[in-house]
Amino acid sequence: MVERGHLVAIPKDSGSSDVSVLSPQTNEKPPASVLNGSESSKAIQRKILVIMIVVPVVLASGLFLWATYVREWSTYDVAKQVISDPSIGSPGFTHSLAGKTVTVGGKFTNIETIKTSQGDLSFLTLNNFSEIRLVVWGDVPYKIGKRMSMEVHFEWATCNEERHVYSPQIDFPWFVLPAIGTVEDAVSVTSGMVFSVEDTATGGIYVRIFDQYPPVTLANANCSLSAGTSSFASEYVDVLSGWGFGRKLDSIDNMTKTTSVNGSITFSDADNNGLFSRGDFFELNGIERPQEDSGVRTYLLIVGRTNATGTMYDPGWIGMTYLVVMHRGLVVYESEPPAGRFSVAPDPDGMKLTCQSLTKPVSWDNVSIGLMDGMTFVSWDPSSGALNQGLSCEAYLGAQRLGSLDVMCTVGDVSGNGMLDEGDYYLFAPMSGTFSSTTNYSTYILYEPTMASFARAPIFSG
Ligand SMILES: [Ca+2]
Ligand SMILES: [Ca+2]
């Protein structure tokens with residue numbers, strides 16, 4: 001850096017001999033006026049000297065400043081600034097970048113846009129390094145295939161109880177956290193409890209029960225709310241530990257009570273039936289939001305089964321939801337697959353599976369249904385076009401050989417909207433013979449974009 005000290009460090013009484021030592025013209029005879037040593041010529045000498053010393057320093061430091069902050073960075077340059085902070089053992093950016101803004105640019109080669117509870121979130125890949133992506137909330141004003149550049153700001157921010165330098169315009173490393181929420185929700189769905197979450201108007205969070213199966217009596221359940229303490233990789237490990245996650249904030253030991261020990265959780269049995277059921281909700285208050293755009297706070301709400309001795313932290317949890325809160329509010333990736341549940345009941349023609357709950361409608365084109373008798377697996381793919389009739393309709397998907405049975409599958413869309421939603425059904429009908437009473441038939445409802453089972457589908461026997 002250029003400091004004023006360089007300019008004032010030259011002593012006022014610098015003699016002409018000093019000048020001659022530094023001057024490239026040492027061997028030449030100075031002009032007579034200089035040798036005569038008038039005050040004005042000494043002043044000129046001093047100015048020349050100062051310029052000779054200062055100019056290279058200015059040029060060098062200017063080059064440094066240009067190289068560091070003014071020239072356009074590539075995403076690879078950004079990657080080179082990643083450090084693991086020794087005091088917290090977690091990744092972030094070089095501390096000296098805090099408060100700095102740099103221009104990052106390159107050829108814009110790829111984009112991934114995720115719909116979130118806070119609007120569209122886009123990750124932009126540049127040609128120079130794909131592991132670090134630029135972040136844009138809302139509309140993306142750049143065109144794929146063209147060169148682009150963007151201002152990237154670095155700041156001190158907190159991820160739970162860790163403090164590090166991050167950037168709201170860079171996806172590394174915070175973007176993984178909302179994805180953890182997607183995984184946790186899928187785990188909860190598998191266990192039978194499906195939540196939907198949203199910000200309240202007062203800065204809290206609503207956690208609503210979308211579905212719970214099988215029914216759980218409130219008197220046999222509890223809940224606990226914990227705050228995350230770490231960041232990123234360590235956070236992920238903490239989440240996997242469930243009850244061991246983070247720092248305990250509050251709890252309700254018996255869900256027939258409506259308020260938690262410390263007052264930050266209230267529970268409402270909205271339909272007053274003494275069970276967890278659709279429409280019941282938790283309201284979480286006193287949820288801390290980070291001050292900085294790149295800051296993150298995480299929370300885990302666990303609904304647990306209270307064991308016979310009234311111990312809360314029985315391993316038998318019922319459901320859990322992992323909440324990621326940024327400065328703008330609760331961030332939930334809405335791109336996560338739907339979650340739902342099917343029931344099964346005998347039908348005059350065979351077995352009927354009916355969709356009892358589904359967090360959002362899914363095009364029949366993205367769904368396949370599988371049936372397994374323990375040895376053989378068969379599946380059918382309905383088409384949305386055949387079921388988009390505007391009124392209740394059925395489509396015959398044909399017969400498949402399952403063990404010794406030929407099973408016909410029929411799919412019904414009760415509103416004829418071409419989407420799988422509540423009330424729609426599958427009918428499995430053996431074309432001759434019947435389902436065996438000694439065989440467990442498993443059903444699989446698959447979401448084709450991820451090839452994952454997205455609905456609790458029943459097991460039945462003949
Ligand atoms: Ca209820
Ligand atoms: Ca439908």
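The protein has 462 residues, of which 33% count as buried, and its secondary structure comprises 8 helices and 30 strands. Among contacts with a separation of 6 or more, 63% are made by residues 24 or more positions apart. The mean pLDDT is 85, and 85% of the residues reach 70 or more. Residues 1-35 form a stretch in which pLDDT stays under 50, and for which the model has 29 contacts beyond four places in sequence. Where pLDDT is low, the predicted coordinates should not be read in detail.

One open sheet consists of 4 strands in the order 9-10-14-13, with antiparallel pairing. Strand 9 (193-199) and strand 13 (265-268) stand at its edges, and because each has a single partner strand, one side of each is left without a neighbour in the sheet. Neighbouring strands of this sheet are turned by 20° against each other on average, direction ignored. Within the sheet, strand 14 is joined in the antiparallel sense to strand 13 over 4 bridges, with Phe267 standing opposite Phe282 of strand 14. Strand 14 also pairs with strand 10 (residues 205-212), again antiparallel and over 4 bridges, and here Tyr206 stands opposite Glu283 of strand 14. In a regular strand the side chains alternate between the two faces of the sheet.

The loop between strand 14 (281-284) and strand 15 (297-305) holds Val296. With 27 other C-beta atoms within 10 Å, against the 20 or more that the criterion requires, Val296 is therefore classed as buried. Leaving out residues up to four places away in sequence, Val296 touches Cys159, Trp174, Leu177, Pro290, Val324 and Met326. Val296 also lies 9.7 Å from Gly228, C-alpha to C-alpha, although the two are 68 residues apart in sequence.

Strand 15 is largely enclosed by the rest of the structure, because 8 of its 9 residues are buried. Strand 15 pairs with strand 11 (residues 221-227) in the antiparallel sense over 7 bridges, and in this pairing Leu225 stands opposite Leu301 of strand 15. Strand 15 is also joined to strand 16 (residues 317-326), with which it runs antiparallel, by 8 bridges; the bridge partner of Val303 in strand 16 is Gly319.

Helix 6 (residues 176-191) contains 16 residues and reaches 23 Å from its first C-alpha to its last, close to the 22 Å expected at 1.5 Å a residue. Its buried residues are Leu177, Pro178, Ile180, Gly181, Glu184, Asp185, Ser188 and Val189, and the elements that cover them include strand 9, helix 7 (232-240), strand 15 and strand 16. After helix 6 comes Gly192, whose phi is positive, near 120°.

In soluble globular proteins, nonpolar side chains tend to be buried together. In this model the largest nonpolar core has 82 residues, and those with the most contacts inside it are Leu301 and Leu323. Strand 16 gives the most to this core, with 8 residues. Apart from its neighbours within four places in sequence, Leu323 is in contact with Gly181, Val197, Ile205, Thr298, Tyr299, Leu301 and Leu330. A second, separate core of 13 residues includes Phe108, Leu134, Val135 and Ile170.

A further open sheet has 6 strands in the order 23-24-26-19-18-29, and its pairing is mixed. Strand 23 (393-402) and strand 29 (455-456) are the edge strands of this sheet, each pairing on one side only. Within it, strand 24 (residues 405-413) runs antiparallel to strand 26 (residues 425-430), to which it is joined by 6 bridges, and the bridge partner of Cys409 in strand 26 is Phe428.

Notes
Residues numbered from 1 in each chain as written. Chains lettered and ligands numbered in written order. Predicted model: local features only at pLDDT ≥ 70, side-chain atom pairs only at ≥ 80, totals over all residues. Helix = DSSP H or I, 4+ residues; strand = E, 2+ residues; numbered from the N terminus. Buried ≥ 20, exposed ≤ 12 C-beta atoms within 10 Å, placed from the backbone. Contact = placed C-beta atoms within 7 Å. Pairing = 2+ DSSP bridges. Axes fitted to C-alpha atoms, helices over the stretch in contact; angles between N-to-C directions. Expected span 1.5 Å × (residues − 1). Core = buried A, V, L, I, M, F, W, Y, C linked by C-beta atoms within 7 Å. pLDDT = per-residue confidence, 0-100.
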